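Biologist: I have a chain on the screen and some questions about it. Can you take me through the model?

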Amino acid sequence: MELGWASNAEDLARLAVDRRLQAMANALARSVATYLTARANNNANLGAQGWHGETRVFPV
């Protein structure tokens, strides 16, 4: 995620606003959480299937 250039005065001014930084941090956190949740769900679904897509039945 690129937030701006250190040599750009406008980018530095935007990053100096605490409310803007908090909004960007929240957006990044939501994005990462969404990605990780989807990945975990996909892994869980793949783990419940066999090599050819058949559902595994585990003894109880």
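Biologist: Start with Leu21. In which helix does Leu21 sit?
Modeller: Bear in mind that this is a predicted model. Helix H2 covers residues 18–47. Leu21 has its place there, in helix H2.

Biologist: Is Leu21 buried, partly exposed or exposed?
Modeller: The relative accessible area of Leu21 is 35%. Buried needs under 20%, and exposed needs over 50%. Leu21 is therefore partly exposed.

Biologist: How far apart in space are Leu21 and Leu3, C-alpha to C-alpha?
Modeller: In sequence, 18 residues separate Leu21 and Leu3. In space, their C-alpha to C-alpha distance is 9.7 Å.

Biologist: On to the charges. How many salt bridges does the structure hold?
Modeller: One joins Arg14 to Glu10. Another joins Asp11 to Arg14. The structure holds two.

Biologist: What is the separation of the closest N and O atoms between Arg14 and Glu10?
Modeller: Arg14 and Glu10 are four residues apart in helix H1, so about one helical turn separates them. Arg14 is partly exposed at 37% relative accessibility, while Glu10 is exposed at 53%. Their closest N and O atoms are 3.5 Å apart.

Biologist: And what is that separation for Asp11 and Arg14?
Modeller: Asp11 and Arg14 are three residues apart in helix H1. That again makes about one helical turn. The closest N and O atoms of this salt bridge are 2.8 Å apart.

Biologist: Which residues do the salt bridges join into one network?
Modeller: Arg14 pairs with Asp11. Arg14 also pairs with Glu10. Shared partners give one network of Glu10, Asp11 and Arg14.

Biologist: Is Asp11 buried or exposed?
Modeller: Asp11 is found in helix H1. Its relative accessible area is 10%. The limit for buried is under 20%, so Asp11 is buried.

Biologist: Leaving aside neighbours within four places in sequence, which residues are in contact with Asp11?
Modeller: Contact here means heavy atoms within 4.5 Å. With those sequence neighbours set aside, Asp11 touches Gly4 and Trp5.

Biologist: Now the whole chain. What share of its residues is buried?
Modeller: The protein chain has two helices and zero strands. It has 60 residues. The buried share is 3%.

Biologist: What percentage of the accessible surface belongs to carbon and sulfur atoms?
Modeller: The accessible surface of the protein chain comes to about 5,500 Å². Carbon and sulfur atoms account for 59%.

Note on methods: Residues are numbered from 1 along each chain as its sequence is written. This is a predicted model: local features need pLDDT of at least 70, side-chain atom pairs count only at pLDDT 80 or more; totals for chains, interfaces and linings use all residues. Side-chain values use heavy atoms; hydrogens and water are left out. Buried means under 20% relative accessible area, exposed over 50%, partly exposed in between (1.4 Å probe, protein chains only). Accessible areas come from the Shrake-Rupley method with a 1.4 Å probe; for residues, only the protein chains shown count as cover. A salt bridge is a side-chain nitrogen of Lys or Arg within 4 Å of a carboxyl oxygen of Asp or Glu.
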